[in-house]
Amino acid sequence: MKRTLWAVFLGGILIAGCASSFDFRREEDFEDSAKRYGRLIRWSDFENAKAYLAPAPSGTDTPLPTNVRVTDYEVKQMAYAEGKRQVVQVVDISYYLTKDPRIKTLKDQQVWEFDSDRSVWLLKTGFPNF
């Protein structure tokens, strides 16, 4: 009886340990993806940043921002939701339009979701509205 109890106890610990390490790995994957996306936006490389966007539900191609130059990209808040399968992130983005050199700042509320089929994080909210 004691052996069975110990086996169940150790099995529970192993399962809990695996689950928490999986969550930790998913968090690391999100941080890497969000940093890479942020760098691409910071350098106004919208073509490559597009790879981080979730496909549009209508199946249409996402238009790239044009005539926009980003000068700063700063993450202000981040919170995990839905069992660490979704992240809401608030980012301040400073930019200017090539025809208007005045710097503007917008607050971009991003919703990222983990795609378990592809094991990647995808940005559901698309590009900011410059």
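Mentor: A nonpolar core is a set of buried Ala, Val, Leu, Ile, Met, Phe, Trp, Tyr and Cys residues joined through side-chain atoms within 4.5 Å; buried means under 20% relative accessible area, exposed over 50%, and partly exposed in between, with a 1.4 Å probe and protein chains only. The model before us is predicted: local features need pLDDT of at least 70 and side-chain atom pairs count only at pLDDT 80 or more, whereas totals for chains, interfaces and linings use all residues. Residues are numbered from 1 along each chain as its sequence is written, and side-chain values use heavy atoms, with hydrogens and water left out.

Trainee: Which residues in the largest nonpolar core touch the most other members?

Mentor: That core has 22 residues, and those touching the most other members are Tyr37, Ile41, Val70, Trp112 and Phe127. At least two residues of this core come from each of α1 (2-42), α2 (46-49), β1 (68-81), β2, β3 and β4. With five residues, α1 gives the most to this core. The element names denote DSSP runs numbered from the N terminus: helices (H or I, at least four residues) and strands (E, at least two).

Trainee: With which residues is Val70 in contact, leaving aside its neighbours within four places in sequence?

Mentor: Contact is counted for heavy atoms within 4.5 Å. Apart from neighbours within four places in sequence, Val70 is in contact with Ile41, Arg42, Ser44, Phe46, Ile93, Ser94, Tyr95 and Phe130.

Trainee: Why may β2 be called largely enclosed by the rest of the structure?

Mentor: The description applies because nine of the twelve residues of β2 are buried. Consider Gln86, which is placed in this strand (residues 86-97): Gln86 is buried, at a relative accessible area of 12%. Beyond its neighbours within four places in sequence, Gln86 is in contact with several residues, among them Tyr80, Trp112 and Trp121. Its side chain also has a polar contact of 2.8 Å with that of Glu113. A polar contact is a pair of N or O atoms within 3.5 Å; within protein, one must be able to donate a hydrogen and the other to accept it, and residues adjacent in sequence count only if both atoms are side-chain atoms.

Trainee: How many salt bridges does a search of the whole structure find?

Mentor: A salt bridge requires a side-chain nitrogen of Lys or Arg within 4 Å of a carboxyl oxygen of Asp or Glu. The search finds seven. One of them joins Glu74 and Lys76, at 3.4 Å from N to O; Glu74 is partly exposed at 37% relative accessibility, and Lys76 is partly exposed at 43%. In another, the closest N and O atoms of Lys104 and Asp100 are 3.8 Å apart. Here Lys104 is partly exposed, at 30%, whereas Asp100 is buried, at 18%.

Trainee: Where do Lys124 and Glu113 lie?

Mentor: The side chains of Lys124 and Glu113 form a salt bridge of 3.8 Å, N to O. Lys124 is in the segment after β4 (120-123) and Glu113 is in strand β3 (residues 100-115), so the pair ties together parts eleven residues apart in sequence. Lys124 is partly exposed at 48%, and Glu113 is partly exposed at 28%. Shared partners also link salt bridges into one network of Asp100, Arg102 and Lys104.

Trainee: How many aromatic pairs does the structure hold?

Mentor: A pair of aromatic rings is described by the distance of the centres and the angle of the planes. Rings of Phe, Tyr and Trp (its six-membered ring) pair if their centres lie within 6.5 Å; planes under 30 degrees apart count as stacked, over 60 as edge-to-face and the rest as tilted. The structure holds ten such pairs. Tyr37 and Trp112 form an edge-to-face pair, with 5.5 Å between centres and 85° between planes. Tyr37 is in helix α1 and Trp112 in strand β3, so this pair ties together parts 75 residues apart in sequence. Both Tyr37 and Trp112 are buried. The rings of Tyr95 and Phe130 are also edge-to-face, because their planes lie at 70°, with centres 5.0 Å apart. That pair links distant parts of the chain, as Tyr95 is in strand β2 and Phe130 is in the segment after β4, 35 residues apart. Tyr95 is buried, at 7% relative accessibility.

Trainee: Which residues form one aromatic cluster?

Mentor: The cluster consists of Phe30, Tyr37, Tyr52, Tyr73, Tyr80, Trp112, Phe114 and Trp121.
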